[in-house]
Amino acid sequence: MKPYDERLTVPRTWWLMGLGCVLLVGVALLPLGAVPLLCGLAVSGALVGVSLSAYGSARIRVAAGSLIAGDARVPLTALGEARTLDAGEALAWRTHRADVRAHMLLRAYIPTAVRVEVKDPADPTPYLYLSTRQPGRLVAALTATRPDPA
């Protein structure tokens with residue numbers, strides 16, 4: 001099976017809203033002249049671009065015997081059952097059913113998720129909550145690459 005790799009990019013509509021913000025900065029700076037207008041457009045465009053790109057750069061990967069989710073790297077041997085969460089279940093697990101000790105790679109613009117149990121007794125994290133657009137593929141990759149408990 002091909003290794004799993006997903007980037008949690010922001011939706012295209014966020015880029016359109018960012019463009020709208022840049023244009024509003026341009027309208028606000030228009031009375032000040034061409035130089036402030038161009039400088040303001042350049043700076044606000046760069047800030048919007050860097051911010052959206054950075055927020056959407058989080059990745060989930062299954063590679064080299066590990067699950068890599070954002071900054072977390074967990075060996076597959078420390079993981080238990082992985083289960084897909086539809087939009088309703090995902091909402092419950094990120095609100096009223098959430099455990100404060102859980103590691104959450106949460107992106108609110110992605111409605112589905114995967115919940116992976118952590119079975120390492122030395123780790124206080126009970127589970128990983130991972131927002132993903134392809135929960136079935138992620139669970140399949142975790143199941144296929146999990147080492148035998150023997």
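Student: What order do the 4 strands of the open sheet follow?
Tutor: The order is β1-β2-β3-β4 with antiparallel pairing, where two strands pair if DSSP finds at least two bridges between them, and strands (E, at least two residues) and helices (H or I, at least four) are DSSP runs numbered from the N terminus. The edge strands, each pairing on one side only, are β1 (4–7) and β4 (72–75).

Student: Before we go on, what kind of model is it?
Tutor: This is a predicted model, in which local features need pLDDT of at least 70 and side-chain atom pairs count only at pLDDT 80 or more, while totals for chains, interfaces and linings use all residues. Residues are numbered from 1 along each chain as its sequence is written, and side-chain values use heavy atoms, leaving out hydrogens and water.

Student: Ok, how many bridges join β3 and β4?
Tutor: Strand β3 (residues 66–69) pairs with β4 over 4 bridges in the antiparallel sense, and L67 has V74 in β4 as its bridge partner.

Student: And which residues touch the most other members of the largest nonpolar core?
Tutor: They are L67, L79, L130, L138 and L142, out of 26 residues; such a core is a set of buried (under 20% relative accessible area, 1.4 Å probe, protein chains only) Ala, Val, Leu, Ile, Met, Phe, Trp, Tyr and Cys residues joined through side-chain atoms within 4.5 Å. Helix α4 gives the most to this core, with 4 residues.

Definitions and conventions
Buried means under 20% relative accessible area, exposed over 50%, partly exposed in between (1.4 Å probe, protein chains only).
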